[in-house]
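Open the model in your viewer and show it as a cartoon.

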Amino acid sequence: MNNKKKTGLIAFAVILLSAALLCCFFLLTAGNGENKTAYIYSGGELLYCIDLSGENKVFTVKTDSGYNKVCLKDGKIGVIEADCPDKTCIKTGLSDSPFMPVICMPHRLEIVIKSGAIETDGVSR
């Protein structure tokens, strides 16, 4: 391999590694220090809007196809018990990341986390 190809390959690898590290940094620090809110949907309908900085609690979300026991603990939220067959929602664990929603497909339950203040518009007021 000649020197030009070797230098080009090394430069490409350094740029690629730098971009990957930068993406990881943004993903890991997204929303740190901001208020986080969890929106719990069932079948596309908003059921709950919960501030993640609130007190720890456990509550049950019942749907036509079953139930999910949701836990809010130390600024994280997730499903800790469910009667769905695969239990993927439980295996996801507690989350505080806007990039990692908690989803229970059999019950059509979705917990989405958003950073920043809760915004309202003229329709939702």
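Select residues 66-73, strand S4, together with S5: the two pair in the antiparallel sense over six bridges. Strands here are DSSP runs of E with at least two residues, numbered from the N terminus, and two strands count as paired if DSSP finds at least two bridges between them. This is a predicted model, in which local features need pLDDT of at least 70, side-chain atom pairs count only at pLDDT 80 or more, and totals for chains, interfaces and linings use all residues. Residues are numbered from 1 along each chain as its sequence is written, and side-chain values use heavy atoms, with hydrogens and water left out.

The three strands form an open, antiparallel sheet in the order S3-S4-S5. Strand S3 (57-63) and strand S5 (76-82) are at the edges with a single partner strand each, so one side of each has no neighbour in the sheet. On average, neighbouring strands of this sheet are turned by 30 degrees against each other, direction ignored; the axes are lines fitted to C-alpha atoms, and angles run from 0 to 180 degrees between N-to-C directions.

Now show the side chain of Lys69 and, opposite Lys69 in S5, that of Glu81. Which residue forms a salt bridge with Lys69? Glu81 does, with the closest N and O atoms 3.8 Å apart. The rule asks for a side-chain nitrogen of Lys or Arg within 4 Å of a carboxyl oxygen of Asp or Glu, and the count comes to one salt bridge. The pair links strand S4 to strand S5, 12 residues apart.

Lys69 is partly exposed at 25% relative accessible area, and Glu81 is partly exposed at 32%. Partly exposed lies between buried (under 20%) and exposed (over 50%), using a 1.4 Å probe and protein chains only.

Conventions:
Helices (H or I, at least four residues) and strands (E, at least two) are DSSP runs, numbered from the N terminus.
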